[in-house]
Each structure stands twice: as C-alpha cells, then as structure tokens.
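Hi everyone, thanks for coming. I'd like to walk you through a structure this morning, so please have a look at the sequence and the model on the screen.

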Amino acid sequence: RLANVPQSLLIEVEDKVISPEKAEEAKLKARYPNLGHKPGGSDLLRKRLQKGQKYFDSGDYNMAKAKIKNKQLPTAAPEKTEITGDHIPTPQDLPQRKPSLVASKLAG
Amino acid sequence: MAGAGGGNDVQWCFSQVKGAIDDDVAEADIISTVEFNHSGELLATGDKGGRVVIFQQEPESKNQPQCRGEYNVYSTFQSHEPEFDYLKSLEIEEKINKIRWLPQKNAAQFLLSTNDKTIKLWKISERDKRPEGYNLKEEDGRYRDPNTVTTLRVPVFRPMDLMVEASPRRVFANAHTYHINSISVNSDCETYLSADDLRINLWHLEITDRSFNIVDIKPANMEELTEVITAAEFHPNQCNTFVYSSSKGTIRLCDMRASALCDQHSKMFEEPEDPNNRSFFSEIISSISDVKFSHSGRYMMTRDYLSVKIWDLNMETRPVETYQVHEYLRSKLCSLYENDCIFDKFECCWNGNDSVVMTGSYNNFFRMFDRGYRQDVTLEASRENSKPRSVLKPRKVCTGGKRKKDEISVDSLDFNKKILHTAWHPLDNIIAVATTNNLYIFQDKLN
C-alpha cells in the first residue's frame, strides 16, 4: 500500500488501469455497437462450419429463364461472392473450378 | 544427433529458398502444409492448388563433409482437385490441409495428404531400370509381326535414368461432413485418424470403404454449438492414446481402450482463466490452432493466437511452460479482428530432442524458444537475407517508446506476411519455413 496517499486518489488510479485487451474490446464495441453478446460463440462457429457453401437452385434458374426469355437475365455484380435466394444465379456466377494445370513454382 | 537448439552456440544460416520471386502471388501457390519424413531425407509441401512437391536431401558430398546436402525436387504431383458437391451446394477446395508421412517399410515412400473432405494415400517409388529385348515388341512399343521372328532372346533389365513416380493407392472419401483439419498416423503404422470440426474418425490404411467414428461432439441442436475440434494427434508411441484440441482452448486426451466411442475423455487439459480479465476476444485468442506431442511422448505443445504452451501429460491443471510469441499484438486485437488475422491458424513444432520449439508470426518472422536455456529468438525469412550460408540476424519488435535502430515497430509489421507452417528435421538442425508462397530452408552454422 502506498503510504501517505489519499484513498480517493488510489481509487481513481485503479479505475484508469484497463488491460490492453479490454481497451481493444471497448474500441470494437464503439465501432460495432450491434455486435452480438456471444463472442466467439455459435455465430462465429456456424460461419466456420458453412465455409464453401454456394447456392444454386436449378429450378429457380430455369423458371426465371422461361419467364424472361426475351429480356436479359439479371446477373450478379462481379464482386459478389455469396449467392443466395432472391438473386438468380447464372452458371457464370458459379464458375467451374478446374484443377491447376500449371506445375507448382516450388518445383522450379 | 539432434542439435543443441537455440542455445548460445547455435547460429542459424540461410541455406535455400524455393518458389517464385515475384510479388504477385497466385492463390494456387499459397503453401498450406510442410512436413519432413521420419528420416528427414524428404521434405513435402502442399499448396492451395492441391499440388504436392517433395524435395530430397542430396547425400553429403565427400569433398565437403561438413556441409549438409541441399534439398532438390524429387517428385511433384496433383494430389487433389476442386470438386463441387451438388447435393449440398458445397464447393470443395483442393487445398492440401495436411500431409503426414508413413514410416518407411520398403523401398517406396508413402504419405497421406488431405483436403477438406478426402484423404489420399500416395506411393512414391523409384524406377531406375527397364526391361528391354522383348521378342514380340519393338523398343518403341510397336508390335512385331510374329512371322518375322526368327530367333528368340530373353528380355533383360537395363539401367535407365531415375524416374520417380507418385501413384494414389487409396482414396478415403465420404466420411466427413465438416472440414478435415488434421490427420495423424498411429504408432501401429496400420491405422490413422482424421478429424473435422465436430468428429474424429479412425481408419485402417488398407480399408477405404469403412471408417470408425471415435469422437462426436456434434450437439443434438446446432443452436447449442459452442465448441469445435481444431486439431488432433495420436501419441507417438502409445497406440491407444490420442488428443484433440478445441476452439475454447482445451485439450482432451482419450484412451481407445476405454470405449469404442471416446466422447468421454480420460484427461482434460485446461488453464484456468481469470474471470476479471475476460473480454470479447478471450475465447477467440484461446482457440488452439495446433497440438503436437513431443518426440518423447511425455509432453505436448499447443499454439493459441498469442502463445505456445507446453503441457506435461501428467498435469491437467495448467501448462508447465508458456512462451509469448507476440504479446505486443494484445493491444491490436481490435484491428486484427477486423482484418480477420485473429483467426489465423499458426502451427508449431519441436526439434529432434524436444529441447527447442518453433512457431511462426507476422512480417515473415518466426520464433524459437529454447526450453533448457530459457532463451528465445526472433528470425526473419526474407529474400534480403538469402546469401548462401549467411547468418540470420535476430530481429526485434519495438513495443513502445523509442525505437532503436534495427528494431521494427508494431505498426510497421506486415500482417499479410504470415508464417503459419514450419517444420524441423527430426534428427538435425535443419528447418523448413514457409512464407506465403516461398519455402525457406535454414541450417545451423557448422564449425
């Protein structure tokens, strides 16, 4: 205990000492006030488990094609990576992933 | 004999670097796994493009007995290809998540390589002679008219240029709903385990149409999911024992003799957390990205976002040693969460005699911790330090206050330059360090 220091000053000092981690947490909450209360929990895990999921419904696609056969099919913006529900995906949105035919550059 | 590791006398030198120099990195070239075989003679890498490249160490030359052989390309092949699961609308990446070598039993070498869904057993064999002198076939393969054959000869084997062939011997598919993060060969050399986010399966190397589920942590209601499996490994000499780590920072040790389904652990290793220090980031940074048994089997090492911990298998309550990899990142967690770096999965490895451990960091830095001498060092894998046999200079990150010359400040670190994969030769002081698309080989300075 520090001698000759008023109690009130001691308490003030204690309150100001925040761990760097908690300071970072405060920063995050300030930027994203709607962040969920279950950190590192099911939301993050479920996102991890769904990696690789792409959506393409051939039924929707063919129906849309039939309905608007004279008009242009709505196409996805080129940057869009996730294709779901309302948007009509086209085969171009889900490019055929071909294996790399080029040899690894590590093999020199 | 395995070297003294990071003690006072060890200096690390550049030996070789593999891969393209250009900064424009194609996704397929991103290295995703590095592994020495059991003798250290072979070094395998896997990449995001599903390709495996194997390097072989040249034998020590008689002219320079003090110089260790270089690693040169031995074999390269396409292990996995991209697939699309139409039933589940799931794109299956060809990225090689892990490679594990089988102990050598005959002239051929075998390794297991896995992507998110399928494990393959590859046989790598050498061919250095071919049969010649057939009676009914010409040398180029065309068939001879039997009517033109007037004499007979016995075909003989003649030497040819060495050819290394890789062929897939087994394909272990359709056993994982979630993404495979680990494979581990049992010390019995007959079985191996594969682990995904929620389940661990046991396979026999000869049998591909059947697999035993030995751990299942999938909750009945997926809304209640709180934890996933992040890594798993068999004990190096107890064939009944394996461990698996979780996203909550726990490690469970299981004994397959106890029951067929090892949902009940035999031991659970967890360091108690101070509830006062808990923050939004606590659970994320406690997630274990790698677990490795020591060669002795007495200890295991875990890697979480900021530290490396050594556990004594006899003590579940806390690790016996903790090493800070890059503690200065604790005050950067907010930005590391925003740019997803907080989810980076760093691996770790032991040296041959378990005296030193190594792991990667950012800015192409990697760290070594000498357990005996209680010393640590930060080194950098960079083309600037790539003169043959040049000694690597220790690097230092400045955490605050005045930055000394040669130090680098935390804000100058390049978080796109991550070293996630490192490997240590099982018997010698030779290490393989993977940057994004380059493989560096370093050796300790001899003499």
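Let me start with a question: which residues line the largest cavity? Before I answer, please keep in mind that this is a predicted model. The lining is made up of B:K98, B:R100, B:S182, B:I183, B:A231, B:A232, B:E233, B:D290 and B:V291. The volume of this cavity is about 50 Å³, and the count of cavities of 30 Å³ or more comes to 1. In terms of elements, strand 8, strand 12, strand 16 and strand 20 of chain B each bring at least two residues to the lining. Strand 16 gives the most, with 3 residues. By type, the lining residues split into 4 nonpolar, 1 polar and 4 charged.

Now to the second largest pocket. It holds about 870 Å³ of space. There are 32 lining residues, and those nearest the centre of the pocket are B:E35, B:H38, B:R100, B:E233 and B:H295. The elements of chain B that give two or more residues to this lining include strand 8 (98-101), strand 12 (182-185), strand 16 and strand 20 (290-293). For the pocket, though, the largest share comes from strand 2 of chain B, with 4 residues. The pocket lining divides into 15 nonpolar, 11 polar and 6 charged residues.

Let's move on to the two chains. How many residues of chain B are in contact with chain A? The count is 62 residues of chain B, and they meet 37 residues of chain A. Together the two chains bury about 4,200 Å², with 56% of that on carbon and sulfur atoms. On the chain B side, the residues losing the most area to chain A are B:E91, B:F280 and B:C334, which together make up 16% of what that side buries.

What about specific interactions across this interface? Between chain B and chain A there are 4 salt bridges. One that I'd point to on the screen joins B:E338 to A:R31, where the closest N and O atoms are 2.4 Å apart. The chain B side as a whole divides into 25 nonpolar, 18 polar and 19 charged residues.

To finish, a word on salt bridges in general. Side chains of opposite charge can pair when their charged atoms come close. Over all chains, the structure holds 39 salt bridges. Inside chain B, the side chains of B:R51 and B:D29 form such a pair, at 2.8 Å from N to O. That one links distant parts of the chain: B:R51 is in strand 4, while B:D29 is in the loop between strand 1 (12-18) and strand 2, 22 residues apart.

That's my tour, and I'm happy to go back to any part of it.

Note on methods
Residues are numbered from 1 along each chain as its sequence is written. Chains are lettered from A and ligands numbered from 1 in the order in which they are written. This is a predicted model: local features need pLDDT of at least 70, side-chain atom pairs count only at pLDDT 80 or more; totals for chains, interfaces and linings use all residues. Side-chain values use heavy atoms; hydrogens and water are left out. Contact means heavy atoms within 4.5 Å. Buried area is the accessible area (1.4 Å probe) that two parts lose on being put together, summed over both. Ala, Val, Leu, Ile, Met, Phe, Trp, Tyr, Cys and Pro count as nonpolar, Asp, Glu, Lys and Arg as charged, and the others, Gly among them, as polar. On a 1 Å grid over the protein atoms alone, a cavity is a set of points where a 1.4 Å probe fits but cannot get out, and a pocket is an open set with protein on both sides within 12 Å along at least five of seven lines; lining residues have an atom within 4 Å of a point. Grid points are joined across faces, edges and corners, and a volume is the space filled by probe spheres set on the points.
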